[in-house]
Amino acid sequence: MKILLIFTFYLISGSVRCFDVTGYSGGSVIVDSGNLWCDECSKYMDKHDPWTTIIYYKKHDQLITEGRFTLYRNNDGNLMIFIRELNTHDTGRYWIGVYWQWSIEMFLIVNKDSSCNVSKNVMVNIGEISIISCEYSQNKIYDVRFICKQGKDSIDEVIHSTDTWNKGRFSISDDRNKKVFSVNITSVTVDDVGVYLCGVRVYRYSYSNSIITAVHLHIINKVGSYKVTGYSGGQIIIKCEHPQYKTNPKYICKESDGCSERKYPGVENKWVENGDVSLYDDTRGGVLMVFFRDLNAGDAGTYRCGVNISQYTEWFTEVKLDVKDDASLVQRVYKSVYVGEEVNITCQIPEEHEVSSKHFCKEDDDHICQTVNTSEVTQMNSLSERNAARVFTVSISNLTVRDAGVYWCGTETSEEHLSFISLTTKVQLNLIMPPVFGHEGESVEIICPYDPIYKSKSKYLCKGTCSTRDRNPLTETVRDQNETKTGRLTLNDDIIASVFTVTITGLTAEDAGKYCCAMTLERDVNCLYTHLIIIRKQEMILNQYERDNISIKCKHHDEHQKFFCKGHQASVCAKDGVSLETIRDDGFSLSDETLTGVFTVNITDLRQEDSGIYWCGSDVITKVILEVKNSVSGPIIAGVCVASLLMGGLVLLLYKLRHIKTPDRSTSRDRTEMRNAQVPHVPCDYENINDIRPYFVSHSEETVQYSTMKLPTESSDPHNMIYSTVQLPSNSSDGLLYAAVRFQKHEDCLTDDTDTFSKKIYSDYASVNHLTRLN
């Protein structure tokens, strides 16, 4: 170990003495000028080559300091020169003196020496023993050891000795084998704090001192010790309370590394990230909050959560953090709720956790979970507790876009000087908007509300997801423009109403699906999801009779979202997927052919109340109109038997013509009528009565009804018409006419959304026309 020398020279009156002093980079030197201080005289210190004024004619009765240079008066009344934290640039010639009294010339040489200890910190509790250790070189084994204390206005020697020596509460002990001497201070008080300089005094022409290290003695006071429990994968917030020192600097450090790495908030009343923790200095309440996110086993240990009372005095709370590694103790919950609705969040409390209160919080943009931060219109109900199950439930009603985000719930435990919040349940709350319905070929508006904090940020509409890393928007805002047009999409941003609207024209089936209304911050994308559902132009019209059975096949594109429900508007199906809740409980069943993308709804024993509008599909849906008619009643059946005798000839004629086929001639492009549950979407042959409207001819004696039939006079021309005249019964009460017709079902005429008869392929139907005699 190289030593830093301090020289003393006694100058001959009337002459200027010159001398050399050698120091080492990073160390310090003290030089005794050998001349008196002179309280009322001006002192100076200059450096040559180049000329630099360090201390310019200053008066003081004890000590003058400029940066790293100090002139002070020692116990013998001499002027002492103290230069600390030496570097090679300090090498040079110096003039020091008292104006009109005396001056000396000193040449300082600063060499590099990495072995020198610049300074170190010693922490000791009030009332305990402090030990200050100092090293020295082998060639200084027999020289005097000493220690000085640097005060505000002086540097005073505390004790010196060549061997073990006691002086009040201070004592020196020397270990010459290790070349270390120690200064012990017993029953430390707050007055003992400060900087101590320890070294060796070397006698030559007069004497010199070697300063080996500077020791900063800190007094600490432990106000309490507490055990804190966290869970791996969870989060914890520790609050250290120092109400009597609200604005004093606060810190946290880990004792396993000797508290050498202290973490300070740096900014008042604002969360600041510092390494693996975030800190908040609450100067209003005198509280330091420490936030540990994503706890793991490495976070366990003993911490000091302290406050600096003065430069060398501090109080701290000891925190013993235990991190339990049990995956079952930390839960992840995902909820998707429609805007404007209510959500219930259930939180589990670990059984071994003693709690004083429940805690529920929301992460902010810095991912700090401190307090609940819901919108003004959102109400959080009182926490309800069920002690046996150790759970509590939080309800948030009237959800708005501001309520989306990550929530945590857990428990809070309070002590005298410390409280901590252990968060064990993470809740990802996603807000979604009700689906938007658009008709094929038309246009639709997707309305996206957003939090006003995004008003100056970019807005996007994406199909599917819209992440920060891989964003491929369909359309987006352009800087300083409220309207942007991209192909068939137009985006209009109303920053006053905090809503942007995207209009899509010329809708096709491919436009259906999940969309994201995205707003961008610096690090994250806030997404509000909705579904665009396309209603096909083509509708299904089903005419059935009571007690019949029917099967309706529906195509779907999304395995997790299927519609078949009843209602005048498609929106009634938006939340329920495959929903039969709006239909009677019995008679309905569902079969799913996952591989073909088709699901079938079977309805048995049809009733008149089953009539109505149904919606069938997934992202692309078809409107189904079902009409269930009355069956033939008992009295009418009896009349059928009588009337059938009168119509034998007509039946024979109809039997002859039953195989005549005519092409379907539907004239509607957007609407296909399904008579007796048939859907002629493609050209097919059906046995059909072309016109079933009755024709009446008045005679003086009788009324004649004609039934229009298809009668091919030639096989190549099936469009000639034939009329069958039927004589009415003489009894006016028997005014009934009947016609038996056979219909044929062709399986190759089914379309994407079709119905099938549950009866045989060939079925005979009896249609009854009740005749009212004309007067």
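1. Starting with the cores: the largest nonpolar core counts 38 residues, and Phe500, Ile504, Cys517 and Leu532 have the most contacts inside it. Bear in mind that this is a predicted model. There is also a second, separate core, this one of 35 residues, with Ile30, Phe146, Ile147 and Leu197 among its members.

2. Setting aside neighbours within four places in sequence, Cys517 touches Met433, Ile446, Cys448, Tyr460, Leu461, Phe500, Asn526, Cys527 and Leu528. Phe500, in that list, is also one of the residues with the most contacts inside the largest core.

3. Of the 775 residues, 47% are buried. The protein exposes about 39,200 Å², and 48% of that comes from carbon and sulfur atoms. Taking contacts between residues at least 6 apart in sequence, 64% link residues at least 24 apart.

4. Have a look at strand E19 (residues 235-241). Five of its seven residues are buried, so E19 is largely enclosed by the rest of the structure. E19 runs antiparallel to E33 (residues 418-432), with six bridges joining the two; in that pairing Gln235 has Leu423 as its bridge partner. Six bridges also tie E19 to E23 (residues 287-292), again antiparallel, and there Cys240 sits opposite Leu288.

5. Then there is an open sheet of four strands, ordered E35-E40-E39-E38, with antiparallel pairing. Its edges are E35 (444-449) and E38 (483-486), each of which pairs on one side only. From one strand to the next the twist averages 15°. E38 is joined to E39 (residues 489-494) by four bridges, the two strands running antiparallel, and Thr486 stands opposite Leu489 there. Ile446 and Cys448, both contacts of Cys517, fall within the residue range of edge strand E35.

6. The Ser395 side chain does have a polar partner: a contact at 2.5 Å with the side chain of Asn344.

Methods: Residues are numbered from 1 along each chain as its sequence is written. This is a predicted model: local features need pLDDT of at least 70, side-chain atom pairs count only at pLDDT 80 or more; totals for chains, interfaces and linings use all residues. Side-chain values use heavy atoms; hydrogens and water are left out. A polar contact is a pair of N or O atoms within 3.5 Å; within protein, one must be able to donate a hydrogen and the other to accept it, and residues adjacent in sequence count only if both atoms are side-chain atoms. Buried means under 20% relative accessible area, exposed over 50%, partly exposed in between (1.4 Å probe, protein chains only). Two strands pair if DSSP finds at least two bridges between them. A nonpolar core is a set of buried Ala, Val, Leu, Ile, Met, Phe, Trp, Tyr and Cys residues joined through side-chain atoms within 4.5 Å. Contact means heavy atoms within 4.5 Å. Accessible areas come from the Shrake-Rupley method with a 1.4 Å probe; for residues, only the protein chains shown count as cover. Axes are lines fitted to C-alpha atoms, for helices over the stretch in contact, and angles run from 0 to 180 degrees between N-to-C directions.
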